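Thanks for coming. I have one structure to go through today, and I will keep to its interfaces.

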Protein chains: 2
Amino acid sequence: MAQVAPENSIGVFDSGLGGLTVLREIHRLLPQENLIYFGDTARVPYGNKSAATVIRYSKEIVQFLLARNVKAIVVACNTASSYALETIKQMTDVPVIGVIDPALRALVRTASPQAIAGLIATRGTIQSGAYPAALQRLGGKQKLVTQPCPLLVPLIEEGYTEGLVCELIVRDYLEPLVRQGVGYLILGCTHYPLLAPLIRRLYPQFHLIDSAEETAHELAAVLANASLNRKEGTARIELYVSDMTESVRMLKDRFFAGKVDIFTEAQLAEY
Amino acid sequence: MAQVAPENSIGVFDSGLGGLTVLREIHRLLPQENLIYFGDTARVPYGNKSAATVIRYSKEIVQFLLARNVKAIVVACNTASSYALETIKQMTDVPVIGVIDPALRALVRTASPQAIAGLIATRGTIQSGAYPAALQRLGGKQKLVTQPCPLLVPLIEEGYTEGLVCELIVRDYLEPLVRQGVGYLILGCTHYPLLAPLIRRLYPQFHLIDSAEETAHELAAVLANASLNRKEGTARIELYVSDMTESVRMLKDRFFAGKVDIFTEAQLAEY
(Lines give C-alpha, C1' and ligand atoms only; values in the text may rest on other atoms or scores of the structure.)
Protein backbone atom coordinates (compact mmCIF):
# COMPACT_ATOMS: atom_id res chain seq x y z
CA MET A 1 0.00 0.00 0.00
CA ALA A 2 1.22 3.48 -0.87
CA GLN A 3 2.03 5.88 1.97
CA VAL A 4 -1.07 7.65 3.27
CA ALA A 5 -0.48 11.27 4.28
CA PRO A 6 -2.60 14.31 5.18
CA GLU A 7 -1.94 15.75 1.69
CA ASN A 8 -3.71 12.81 0.07
CA SER A 9 -7.26 13.32 -1.10
CA ILE A 10 -10.48 12.06 0.40
CA GLY A 11 -12.33 9.88 -2.11
CA VAL A 12 -16.10 10.25 -2.37
CA PHE A 13 -18.39 8.34 -4.72
CA ASP A 14 -22.02 7.98 -5.73
CA SER A 15 -24.07 6.35 -8.48
CA GLY A 16 -24.48 9.78 -10.03
CA LEU A 17 -24.52 13.36 -8.86
CA GLY A 18 -26.62 13.07 -5.69
CA GLY A 19 -23.49 12.47 -3.64
CA LEU A 20 -22.41 16.02 -4.41
CA THR A 21 -24.67 17.01 -1.49
CA VAL A 22 -22.27 15.07 0.74
CA LEU A 23 -19.17 16.45 -1.01
CA ARG A 24 -20.47 19.96 -0.45
CA GLU A 25 -20.88 19.38 3.30
CA ILE A 26 -17.39 17.86 3.54
CA HIS A 27 -15.93 20.87 1.73
CA ARG A 28 -17.86 23.25 3.99
CA LEU A 29 -16.65 21.56 7.18
CA LEU A 30 -13.12 20.73 5.98
CA PRO A 31 -12.29 23.44 3.42
CA GLN A 32 -8.59 22.59 3.34
CA GLU A 33 -9.04 18.91 2.41
CA ASN A 34 -8.30 17.73 -1.12
CA LEU A 35 -11.29 15.90 -2.59
CA ILE A 36 -11.83 13.41 -5.40
CA TYR A 37 -15.42 12.67 -6.37
CA PHE A 38 -16.51 9.88 -8.70
CA GLY A 39 -20.08 9.84 -10.09
CA ASP A 40 -21.05 6.75 -12.06
CA THR A 41 -23.24 8.67 -14.49
CA ALA A 42 -22.79 6.01 -17.20
CA ARG A 43 -24.72 3.53 -15.06
CA VAL A 44 -26.94 5.69 -12.84
CA PRO A 45 -29.30 4.89 -11.12
CA TYR A 46 -28.22 2.14 -8.68
CA GLY A 47 -31.40 2.19 -6.58
CA ASN A 48 -33.37 -0.39 -8.55
CA LYS A 49 -30.45 -2.61 -9.55
CA SER A 50 -29.54 -5.88 -7.82
CA ALA A 51 -27.16 -6.24 -4.86
CA ALA A 52 -24.62 -8.15 -6.97
CA THR A 53 -24.52 -5.42 -9.61
CA VAL A 54 -24.24 -2.58 -7.07
CA ILE A 55 -21.37 -4.40 -5.31
CA ARG A 56 -19.55 -4.98 -8.60
CA TYR A 57 -19.88 -1.30 -9.60
CA SER A 58 -18.80 -0.11 -6.14
CA LYS A 59 -15.66 -2.27 -6.22
CA GLU A 60 -14.65 -0.83 -9.60
CA ILE A 61 -15.02 2.71 -8.30
CA VAL A 62 -13.11 1.97 -5.09
CA GLN A 63 -10.26 0.57 -7.19
CA PHE A 64 -10.29 3.83 -9.15
CA LEU A 65 -10.07 5.86 -5.92
CA LEU A 66 -7.41 3.64 -4.30
CA ALA A 67 -5.28 4.00 -7.43
CA ARG A 68 -5.26 7.73 -6.60
CA ASN A 69 -4.00 7.06 -3.05
CA VAL A 70 -7.01 8.42 -1.22
CA LYS A 71 -6.59 8.58 2.55
CA ALA A 72 -10.28 7.84 3.23
CA ILE A 73 -13.34 6.74 1.27
CA VAL A 74 -16.83 8.14 1.72
CA VAL A 75 -19.58 6.04 0.15
CA ALA A 76 -21.93 8.94 -0.59
CA CYS A 77 -24.67 6.66 -1.89
CA ASN A 78 -27.19 4.91 0.31
CA THR A 79 -27.72 2.00 -2.06
CA ALA A 80 -23.96 1.32 -2.23
CA SER A 81 -23.65 1.86 1.54
CA SER A 82 -26.45 -0.68 2.04
CA TYR A 83 -25.08 -3.40 -0.18
CA ALA A 84 -21.33 -2.85 -0.52
CA LEU A 85 -19.88 -1.26 2.65
CA GLU A 86 -18.46 -4.48 4.12
CA THR A 87 -16.98 -5.51 0.78
CA ILE A 88 -15.30 -2.13 0.42
CA LYS A 89 -13.86 -2.25 3.95
CA GLN A 90 -12.20 -5.54 3.08
CA MET A 91 -10.50 -3.94 0.05
CA THR A 92 -8.43 -1.37 1.94
CA ASP A 93 -6.92 -0.24 5.24
CA VAL A 94 -7.96 3.41 4.84
CA PRO A 95 -11.11 4.46 6.73
CA VAL A 96 -14.36 3.77 4.85
CA ILE A 97 -17.42 5.79 5.85
CA GLY A 98 -20.96 5.15 4.65
CA VAL A 99 -23.95 7.45 4.98
CA ILE A 100 -26.27 5.18 6.98
CA ASP A 101 -24.63 5.14 10.42
CA PRO A 102 -24.22 8.94 10.52
CA ALA A 103 -27.91 9.47 9.72
CA LEU A 104 -28.99 7.00 12.38
CA ARG A 105 -26.64 8.48 15.00
CA ALA A 106 -28.37 11.81 14.39
CA LEU A 107 -31.74 10.13 14.89
CA VAL A 108 -30.69 8.37 18.08
CA ARG A 109 -29.18 11.58 19.44
CA THR A 110 -32.18 13.84 18.71
CA ALA A 111 -35.32 11.68 18.84
CA SER A 112 -36.95 10.15 21.88
CA PRO A 113 -36.91 6.34 22.04
CA GLN A 114 -40.68 6.38 21.44
CA ALA A 115 -40.40 8.41 18.24
CA ILE A 116 -41.48 6.99 14.89
CA ALA A 117 -39.02 7.64 12.08
CA GLY A 118 -39.87 7.40 8.42
CA LEU A 119 -37.16 6.24 6.01
CA ILE A 120 -37.49 7.26 2.38
CA ALA A 121 -34.96 5.63 0.08
CA THR A 122 -34.48 3.64 -3.10
CA ARG A 123 -35.97 0.18 -3.39
CA GLY A 124 -32.48 -1.32 -3.04
CA THR A 125 -31.66 0.50 0.18
CA ILE A 126 -34.94 -0.57 1.74
CA GLN A 127 -34.80 -4.18 0.55
CA SER A 128 -31.28 -4.55 1.93
CA GLY A 129 -32.52 -4.04 5.49
CA ALA A 130 -29.35 -2.05 6.21
CA TYR A 131 -31.12 0.74 8.12
CA PRO A 132 -32.99 -1.43 10.67
CA ALA A 133 -29.83 -3.53 11.18
CA ALA A 134 -27.70 -0.43 11.79
CA LEU A 135 -30.29 1.13 14.11
CA GLN A 136 -30.27 -2.00 16.24
CA ARG A 137 -26.46 -2.09 16.26
CA LEU A 138 -26.39 1.56 17.39
CA GLY A 139 -28.87 0.81 20.18
CA GLY A 140 -31.67 2.99 18.80
CA LYS A 141 -35.15 2.09 20.05
CA GLN A 142 -37.10 4.27 17.60
CA LYS A 143 -39.60 2.60 15.30
CA LEU A 144 -38.63 2.68 11.61
CA VAL A 145 -41.32 2.93 8.93
CA THR A 146 -39.96 2.52 5.40
CA GLN A 147 -41.15 3.85 2.05
CA PRO A 148 -39.38 3.09 -1.23
CA CYS A 149 -39.42 6.10 -3.59
CA PRO A 150 -38.14 4.75 -6.90
CA LEU A 151 -39.06 7.81 -8.97
CA LEU A 152 -37.35 10.51 -6.91
CA VAL A 153 -33.83 9.95 -8.26
CA PRO A 154 -34.91 10.15 -11.92
CA LEU A 155 -36.95 13.27 -11.11
CA ILE A 156 -34.03 14.97 -9.36
CA GLU A 157 -31.47 13.91 -11.98
CA GLU A 158 -33.79 15.57 -14.53
CA GLY A 159 -33.86 18.75 -12.47
CA TYR A 160 -37.45 18.45 -11.20
CA THR A 161 -37.27 19.57 -7.57
CA GLU A 162 -40.38 21.79 -7.56
CA GLY A 163 -43.67 21.98 -9.42
CA LEU A 164 -46.94 20.08 -9.43
CA VAL A 165 -45.66 16.76 -10.76
CA CYS A 166 -42.90 16.63 -8.20
CA GLU A 167 -45.31 17.63 -5.44
CA LEU A 168 -47.80 14.91 -6.37
CA ILE A 169 -45.17 12.19 -6.43
CA VAL A 170 -43.74 13.34 -3.09
CA ARG A 171 -47.26 13.36 -1.61
CA ASP A 172 -47.91 9.84 -2.95
CA TYR A 173 -44.82 8.61 -1.16
CA LEU A 174 -45.14 10.59 2.09
CA GLU A 175 -48.86 10.46 2.90
CA PRO A 176 -48.62 6.84 4.16
CA LEU A 177 -45.89 7.99 6.56
CA VAL A 178 -48.08 10.80 7.89
CA ARG A 179 -50.85 8.28 8.55
CA GLN A 180 -48.39 6.12 10.51
CA GLY A 181 -47.51 8.97 12.87
CA VAL A 182 -44.01 9.67 11.60
CA GLY A 183 -42.25 12.61 13.29
CA TYR A 184 -38.69 12.22 11.96
CA LEU A 185 -37.99 11.74 8.27
CA ILE A 186 -34.66 10.21 7.23
CA LEU A 187 -33.62 11.31 3.73
CA GLY A 188 -32.14 7.92 2.90
CA CYS A 189 -30.68 8.86 -0.47
CA THR A 190 -28.06 11.51 -1.13
CA HIS A 191 -30.22 12.99 -3.90
CA TYR A 192 -33.09 13.78 -1.57
CA PRO A 193 -31.68 16.90 0.17
CA LEU A 194 -32.46 18.65 -3.13
CA LEU A 195 -36.14 18.00 -2.36
CA ALA A 196 -35.85 19.23 1.25
CA PRO A 197 -37.34 22.70 0.53
CA LEU A 198 -40.40 21.09 -1.09
CA ILE A 199 -40.78 18.50 1.69
CA ARG A 200 -40.46 21.19 4.39
CA ARG A 201 -43.18 23.23 2.69
CA LEU A 202 -45.57 20.27 2.32
CA TYR A 203 -44.82 18.63 5.68
CA PRO A 204 -43.62 21.22 8.18
CA GLN A 205 -44.37 18.74 10.97
CA PHE A 206 -41.49 16.43 9.94
CA HIS A 207 -38.06 16.81 11.48
CA LEU A 208 -35.74 16.05 8.53
CA ILE A 209 -32.58 14.01 8.99
CA ASP A 210 -30.04 14.44 6.24
CA SER A 211 -26.92 12.31 6.41
CA ALA A 212 -24.68 14.74 4.48
CA GLU A 213 -23.77 16.97 7.42
CA GLU A 214 -23.53 14.06 9.86
CA THR A 215 -21.28 12.15 7.48
CA ALA A 216 -18.95 15.14 7.15
CA HIS A 217 -18.67 15.34 10.95
CA GLU A 218 -17.94 11.63 11.23
CA LEU A 219 -15.28 11.94 8.55
CA ALA A 220 -13.66 14.88 10.39
CA ALA A 221 -13.52 12.89 13.62
CA VAL A 222 -12.05 9.82 11.94
CA LEU A 223 -9.37 11.84 10.16
CA ALA A 224 -8.42 13.74 13.32
CA ASN A 225 -8.22 10.50 15.26
CA ALA A 226 -5.84 9.01 12.68
CA SER A 227 -3.83 12.26 12.45
CA LEU A 228 -4.69 12.34 8.76
CA ASN A 229 -6.39 15.73 8.63
CA ARG A 230 -4.78 18.39 6.46
CA LYS A 231 -4.16 21.41 8.63
CA GLU A 232 -3.90 24.21 6.07
CA GLY A 233 -3.88 25.12 2.40
CA THR A 234 -6.51 25.43 -0.30
CA ALA A 235 -8.48 22.40 -1.38
CA ARG A 236 -7.96 20.76 -4.75
CA ILE A 237 -11.33 19.42 -5.95
CA GLU A 238 -11.44 16.79 -8.69
CA LEU A 239 -14.71 15.58 -10.19
CA TYR A 240 -14.76 12.42 -12.30
CA VAL A 241 -17.80 11.00 -14.04
CA SER A 242 -18.13 7.83 -16.09
CA ASP A 243 -20.27 9.69 -18.67
CA MET A 244 -20.22 13.39 -19.48
CA THR A 245 -23.97 13.79 -19.81
CA GLU A 246 -26.09 16.91 -20.15
CA SER A 247 -27.12 16.63 -16.49
CA VAL A 248 -23.46 16.57 -15.43
CA ARG A 249 -22.73 19.86 -17.18
CA MET A 250 -25.90 21.38 -15.71
CA LEU A 251 -25.32 20.26 -12.13
CA LYS A 252 -21.60 20.86 -11.74
CA ASP A 253 -21.93 24.62 -11.67
CA ARG A 254 -24.87 24.42 -9.33
CA PHE A 255 -22.65 22.82 -6.71
CA PHE A 256 -19.08 23.98 -7.15
CA ALA A 257 -19.09 27.00 -9.42
CA GLY A 258 -15.50 28.06 -10.04
CA LYS A 259 -14.01 25.75 -7.42
CA VAL A 260 -13.35 22.58 -9.38
CA ASP A 261 -9.76 21.99 -10.51
CA ILE A 262 -10.24 18.82 -12.53
CA PHE A 263 -13.51 17.88 -14.20
CA THR A 264 -13.35 14.99 -16.60
CA GLU A 265 -14.76 11.71 -17.84
CA ALA A 266 -13.01 8.54 -16.71
CA GLN A 267 -13.51 5.00 -18.00
CA LEU A 268 -13.82 2.51 -15.17
CA ALA A 269 -13.33 -0.41 -17.52
CA GLU A 270 -9.62 0.42 -17.60
CA TYR A 271 -9.20 -0.24 -13.90
CA MET B 1 -18.00 -15.51 -40.05
CA ALA B 2 -20.03 -18.51 -38.96
CA GLN B 3 -22.58 -19.94 -41.39
CA VAL B 4 -25.91 -18.06 -41.22
CA ALA B 5 -28.94 -20.31 -41.67
CA PRO B 6 -32.73 -19.98 -41.21
CA GLU B 7 -32.47 -21.95 -37.94
CA ASN B 8 -30.30 -19.23 -36.41
CA SER B 9 -31.94 -16.78 -34.06
CA ILE B 10 -32.87 -13.16 -34.60
CA GLY B 11 -31.05 -10.94 -32.10
CA VAL B 12 -32.99 -8.08 -30.53
CA PHE B 13 -31.68 -5.63 -27.96
CA ASP B 14 -32.68 -2.63 -25.90
CA SER B 15 -31.35 -0.59 -22.99
CA GLY B 16 -33.84 -2.36 -20.76
CA LEU B 17 -37.19 -4.01 -21.15
CA GLY B 18 -38.97 -1.54 -23.43
CA GLY B 19 -37.74 -3.42 -26.49
CA LEU B 20 -39.94 -6.34 -25.45
CA THR B 21 -42.75 -4.44 -27.21
CA VAL B 22 -40.79 -4.98 -30.43
CA LEU B 23 -39.93 -8.59 -29.59
CA ARG B 24 -43.62 -9.27 -29.00
CA GLU B 25 -44.58 -7.92 -32.44
CA ILE B 26 -41.83 -9.95 -34.10
CA HIS B 27 -43.05 -13.09 -32.35
CA ARG B 28 -46.65 -12.35 -33.35
CA LEU B 29 -45.78 -11.84 -37.03
CA LEU B 30 -43.08 -14.54 -37.24
CA PRO B 31 -44.09 -17.16 -34.63
CA GLN B 32 -41.67 -19.78 -35.94
CA GLU B 33 -38.53 -17.62 -35.63
CA ASN B 34 -36.04 -18.28 -32.85
CA LEU B 35 -35.39 -15.11 -30.86
CA ILE B 36 -32.64 -13.87 -28.56
CA TYR B 37 -33.34 -10.69 -26.59
CA PHE B 38 -30.75 -8.74 -24.63
CA GLY B 39 -31.88 -6.05 -22.17
CA ASP B 40 -29.10 -3.97 -20.61
CA THR B 41 -30.87 -3.65 -17.26
CA ALA B 42 -27.56 -3.11 -15.42
CA ARG B 43 -27.10 0.22 -17.23
CA VAL B 44 -30.65 1.31 -18.12
CA PRO B 45 -31.64 4.01 -19.08
CA TYR B 46 -29.70 5.03 -22.21
CA GLY B 47 -31.87 8.02 -23.09
CA ASN B 48 -29.98 10.66 -21.11
CA LYS B 49 -26.48 9.23 -21.57
CA SER B 50 -23.93 10.55 -24.08
CA ALA B 51 -23.54 9.34 -27.67
CA ALA B 52 -20.10 7.86 -26.93
CA THR B 53 -21.43 5.83 -24.02
CA VAL B 54 -24.50 4.57 -25.91
CA ILE B 55 -22.29 3.51 -28.84
CA ARG B 56 -19.89 1.68 -26.51
CA TYR B 57 -22.73 -0.20 -24.79
CA SER B 58 -24.38 -1.07 -28.11
CA LYS B 59 -21.14 -2.54 -29.49
CA GLU B 60 -20.75 -4.77 -26.44
CA ILE B 61 -24.28 -6.11 -26.84
CA VAL B 62 -23.87 -6.68 -30.57
CA GLN B 63 -20.72 -8.70 -29.85
CA PHE B 64 -22.78 -10.78 -27.40
CA LEU B 65 -25.42 -11.42 -30.08
CA LEU B 66 -22.94 -12.12 -32.87
CA ALA B 67 -21.21 -14.67 -30.62
CA ARG B 68 -24.55 -16.51 -30.70
CA ASN B 69 -24.63 -16.55 -34.52
CA VAL B 70 -27.72 -14.41 -34.95
CA LYS B 71 -28.93 -14.12 -38.56
CA ALA B 72 -30.23 -10.56 -38.11
CA ILE B 73 -30.06 -7.83 -35.47
CA VAL B 74 -32.94 -5.59 -34.47
CA VAL B 75 -31.93 -2.50 -32.50
CA ALA B 76 -35.15 -2.24 -30.48
CA CYS B 77 -34.07 0.98 -28.79
CA ASN B 78 -34.52 4.40 -30.32
CA THR B 79 -31.55 5.94 -28.52
CA ALA B 80 -29.23 3.17 -29.72
CA SER B 81 -30.79 3.34 -33.22
CA SER B 82 -30.14 7.09 -33.23
CA TYR B 83 -26.51 6.98 -32.14
CA ALA B 84 -25.16 3.54 -32.99
CA LEU B 85 -26.87 2.09 -36.08
CA GLU B 86 -24.06 2.90 -38.52
CA THR B 87 -21.41 1.60 -36.12
CA ILE B 88 -23.32 -1.67 -35.72
CA LYS B 89 -23.76 -2.12 -39.47
CA GLN B 90 -19.98 -1.91 -39.85
CA MET B 91 -19.52 -4.74 -37.33
CA THR B 92 -21.34 -7.44 -39.27
CA ASP B 93 -22.68 -8.69 -42.61
CA VAL B 94 -26.04 -9.82 -41.19
CA PRO B 95 -28.97 -7.43 -41.70
CA VAL B 96 -29.25 -4.73 -39.01
CA ILE B 97 -32.64 -3.08 -38.55
CA GLY B 98 -33.33 -0.05 -36.37
CA VAL B 99 -36.69 1.26 -35.24
CA ILE B 100 -36.53 4.75 -36.75
CA ASP B 101 -36.90 4.06 -40.48
CA PRO B 102 -39.89 1.72 -39.99
CA ALA B 103 -41.73 4.36 -37.93
CA LEU B 104 -41.09 7.06 -40.50
CA ARG B 105 -42.10 4.82 -43.41
CA ALA B 106 -45.44 4.37 -41.65
CA LEU B 107 -45.74 8.14 -41.30
CA VAL B 108 -44.87 8.81 -44.94
CA ARG B 109 -47.30 6.12 -46.09
CA THR B 110 -50.27 7.25 -44.01
CA ALA B 111 -49.95 11.02 -43.49
CA SER B 112 -50.46 13.77 -46.05
CA PRO B 113 -47.34 15.80 -46.93
CA GLN B 114 -48.88 18.78 -45.11
CA ALA B 115 -49.36 16.84 -41.85
CA ILE B 116 -47.58 17.86 -38.68
CA ALA B 117 -46.06 14.95 -36.78
CA GLY B 118 -45.03 15.08 -33.13
CA LEU B 119 -42.04 13.02 -32.04
CA ILE B 120 -41.83 12.06 -28.39
CA ALA B 121 -38.56 10.39 -27.41
CA THR B 122 -35.64 10.44 -25.01
CA ARG B 123 -33.37 13.45 -24.91
CA GLY B 124 -30.64 11.45 -26.68
CA THR B 125 -32.86 10.41 -29.57
CA ILE B 126 -33.98 13.98 -30.13
CA GLN B 127 -30.55 15.57 -29.76
CA SER B 128 -29.09 13.11 -32.27
CA GLY B 129 -31.26 14.54 -35.07
CA ALA B 130 -31.70 11.00 -36.39
CA TYR B 131 -35.44 11.33 -37.04
CA PRO B 132 -35.36 14.51 -39.19
CA ALA B 133 -32.36 13.11 -41.10
CA ALA B 134 -34.15 9.83 -41.79
CA LEU B 135 -37.38 11.57 -42.77
CA GLN B 136 -35.50 13.61 -45.35
CA ARG B 137 -33.72 10.50 -46.66
CA LEU B 138 -37.08 8.73 -47.02
CA GLY B 139 -38.50 11.71 -48.93
CA GLY B 140 -41.11 12.62 -46.30
CA LYS B 141 -42.37 16.21 -46.47
CA GLN B 142 -44.23 16.19 -43.15
CA LYS B 143 -43.22 18.71 -40.51
CA LEU B 144 -41.63 17.18 -37.41
CA VAL B 145 -42.16 18.76 -33.98
CA THR B 146 -40.04 17.19 -31.25
CA GLN B 147 -40.56 16.82 -27.52
CA PRO B 148 -38.03 15.13 -25.21
CA CYS B 149 -39.76 13.13 -22.44
CA PRO B 150 -36.95 12.15 -20.07
CA LEU B 151 -39.22 10.90 -17.28
CA LEU B 152 -41.35 8.47 -19.24
CA VAL B 153 -38.84 5.59 -19.27
CA PRO B 154 -38.27 5.68 -15.49
CA LEU B 155 -42.05 5.87 -14.98
CA ILE B 156 -42.70 2.89 -17.23
CA GLU B 157 -39.79 0.83 -15.86
CA GLU B 158 -41.38 1.39 -12.43
CA GLY B 159 -44.73 0.15 -13.71
CA TYR B 160 -46.53 3.51 -13.74
CA THR B 161 -48.59 3.45 -16.93
CA GLU B 162 -51.85 4.84 -15.51
CA GLY B 163 -52.88 7.13 -12.66
CA LEU B 164 -52.79 10.82 -11.91
CA VAL B 165 -49.01 11.28 -11.75
CA CYS B 166 -48.50 9.55 -15.06
CA GLU B 167 -51.36 11.53 -16.61
CA LEU B 168 -49.91 14.86 -15.44
CA ILE B 169 -46.45 14.11 -16.77
CA VAL B 170 -47.87 12.95 -20.11
CA ARG B 171 -49.96 16.13 -20.31
CA ASP B 172 -46.92 18.29 -19.51
CA TYR B 173 -45.10 16.72 -22.43
CA LEU B 174 -47.96 16.56 -24.95
CA GLU B 175 -49.81 19.86 -24.50
CA PRO B 176 -47.12 21.80 -26.43
CA LEU B 177 -47.63 19.39 -29.33
CA VAL B 178 -51.39 19.98 -29.30
CA ARG B 179 -50.78 23.73 -29.47
CA GLN B 180 -48.53 23.21 -32.49
CA GLY B 181 -51.26 21.42 -34.45
CA VAL B 182 -49.84 17.91 -34.28
CA GLY B 183 -52.03 15.22 -35.89
CA TYR B 184 -49.65 12.23 -35.90
CA LEU B 185 -47.71 11.20 -32.83
CA ILE B 186 -44.60 9.07 -33.24
CA LEU B 187 -43.87 6.97 -30.16
CA GLY B 188 -40.11 7.38 -30.52
CA CYS B 189 -39.10 5.05 -27.71
CA THR B 190 -39.87 1.36 -27.47
CA HIS B 191 -41.17 1.82 -23.92
CA TYR B 192 -43.90 4.21 -24.96
CA PRO B 193 -46.41 1.72 -26.44
CA LEU B 194 -47.10 0.80 -22.81
CA LEU B 195 -48.51 4.35 -22.44
CA ALA B 196 -50.58 4.14 -25.63
CA PRO B 197 -53.88 3.40 -23.82
CA LEU B 198 -53.41 6.46 -21.62
CA ILE B 199 -52.38 8.68 -24.55
CA ARG B 200 -55.36 7.48 -26.64
CA ARG B 201 -57.71 8.32 -23.78
CA LEU B 202 -56.23 11.81 -23.19
CA TYR B 203 -55.64 12.70 -26.85
CA PRO B 204 -58.09 10.80 -29.08
CA GLN B 205 -57.29 13.28 -31.89
CA PHE B 206 -53.73 11.92 -32.30
CA HIS B 207 -53.00 9.18 -34.80
CA LEU B 208 -50.35 7.10 -32.99
CA ILE B 209 -47.37 5.67 -34.85
CA ASP B 210 -45.66 2.82 -33.05
CA SER B 211 -42.53 1.41 -34.65
CA ALA B 212 -42.87 -2.09 -33.15
CA GLU B 213 -45.29 -3.47 -35.73
CA GLU B 214 -43.59 -1.67 -38.61
CA THR B 215 -40.19 -2.97 -37.52
CA ALA B 216 -41.50 -6.54 -37.43
CA HIS B 217 -42.80 -6.17 -40.99
CA GLU B 218 -39.50 -4.75 -42.21
CA LEU B 219 -37.64 -7.63 -40.56
CA ALA B 220 -39.96 -10.16 -42.24
CA ALA B 221 -39.33 -8.60 -45.65
CA VAL B 222 -35.57 -8.51 -45.17
CA LEU B 223 -35.41 -12.15 -44.04
CA ALA B 224 -37.61 -13.34 -46.92
CA ASN B 225 -35.50 -11.41 -49.39
CA ALA B 226 -32.32 -13.07 -48.07
CA SER B 227 -34.04 -16.50 -47.92
CA LEU B 228 -33.26 -16.55 -44.21
CA ASN B 229 -36.78 -16.96 -42.87
CA ARG B 230 -37.51 -20.10 -40.91
CA LYS B 231 -40.47 -21.82 -42.54
CA GLU B 232 -41.79 -24.01 -39.72
CA GLY B 233 -41.30 -25.20 -36.16
CA THR B 234 -41.85 -23.69 -32.73
CA ALA B 235 -39.89 -20.64 -31.66
CA ARG B 236 -37.16 -20.84 -29.03
CA ILE B 237 -37.19 -17.58 -27.07
CA GLU B 238 -34.15 -16.60 -24.99
CA LEU B 239 -34.14 -13.54 -22.75
CA TYR B 240 -30.86 -12.22 -21.39
CA VAL B 241 -30.48 -9.28 -19.04
CA SER B 242 -27.32 -7.71 -17.65
CA ASP B 243 -28.97 -7.42 -14.22
CA MET B 244 -31.73 -9.59 -12.77
CA THR B 245 -33.67 -6.77 -11.14
CA GLU B 246 -37.10 -6.75 -9.54
CA SER B 247 -38.54 -5.05 -12.62
CA VAL B 248 -37.19 -7.84 -14.83
CA ARG B 249 -39.01 -10.51 -12.86
CA MET B 250 -42.19 -8.43 -12.88
CA LEU B 251 -42.18 -7.63 -16.59
CA LYS B 252 -41.12 -10.95 -18.03
CA ASP B 253 -44.41 -12.66 -17.29
CA ARG B 254 -46.36 -9.67 -18.52
CA PHE B 255 -44.88 -10.18 -21.97
CA PHE B 256 -44.08 -13.82 -22.52
CA ALA B 257 -45.81 -15.86 -19.83
CA GLY B 258 -44.84 -19.49 -20.26
CA LYS B 259 -43.14 -19.00 -23.60
CA VAL B 260 -39.56 -18.25 -22.62
CA ASP B 261 -37.06 -21.12 -22.87
CA ILE B 262 -33.99 -19.41 -21.46
CA PHE B 263 -34.15 -16.53 -19.01
CA THR B 264 -30.89 -15.56 -17.41
CA GLU B 265 -28.41 -12.88 -16.41
CA ALA B 266 -25.38 -12.43 -18.65
CA GLN B 267 -22.26 -10.39 -17.96
CA LEU B 268 -21.29 -8.27 -20.93
CA ALA B 269 -17.86 -7.53 -19.47
CA GLU B 270 -16.80 -11.04 -20.49
CA TYR B 271 -17.27 -10.29 -24.18
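Predicted model: local features only at pLDDT ≥ 70, side-chain atom pairs only at ≥ 80, totals over all residues.

Start with chain A against chain B. Each chain brings 32 residues to the contact: 32 from chain B and 32 from chain A. The area buried between them is about 2,500 Å², and carbon and sulfur atoms supply 52% of that. On the chain B side, the residues that lose the most area to chain A are B:Leu151, B:Glu158 and B:Val165, which together make up 20% of what that side buries.

What about polar pairing here? Between chain B and chain A there are 12 residue pairs in polar contact, counting pairs with both residues at pLDDT 80 or more. The salt bridge count between these chains is 0.

Which elements of chain B touch chain A with two or more residues? They are helices H2 (51-66), H5 (123-128), H7 (152-157), H8 (164-179) and H11 (246-256) of chain B. H8(B) has the largest share of that side, at 6 residues. Sorted by class, the chain B side has 15 nonpolar, 9 polar and 8 charged residues.

Now to the inside of chain A. Domain 1 of chain A puts 27 residues into the contact, and domain 2 of chain A puts in 25.

The two domains of chain A bury about 2,000 Å² between them, with 50% from carbon and sulfur atoms. In domain 1 of chain A, the greatest losses of area to domain 2 fall on A:Asn78, A:Ser82 and A:Glu214, together 28% of what that side buries.

How many salt bridges cross this domain interface in chain A? The rule finds 2. A:Arg105 and A:Glu218 form a salt bridge through their side chains, at 2.2 Å from N to O. Polar contacts between domain 1 and domain 2 of chain A come to 14 residue pairs, both residues at pLDDT 80 or more.

On the domain 1 side of chain A, the elements giving two or more residues are helices H1 (20-29), H3 (78-89), H10 (211-225) and H11 (246-256). H3(A) gives the most, with 5 residues. By class, that side holds 8 nonpolar, 14 polar and 5 charged residues.

That is the end of my part.

Definitions and conventions. Residues numbered from 1 in each chain as written. Chains lettered and ligands numbered in written order. Heavy atoms only, no water. Contact = heavy atoms within 4.5 Å. Buried area = accessible area lost by both parts, 1.4 Å probe. Salt bridge = Lys/Arg side-chain N within 4 Å of Asp/Glu carboxyl O. Polar contact = N/O pair within 3.5 Å; in protein donor to acceptor, adjacent residues only side chain to side chain. Helix = DSSP H or I, 4+ residues; strand = E, 2+ residues; numbered from the N terminus. Nonpolar A, V, L, I, M, F, W, Y, C, P; charged D, E, K, R; others polar.
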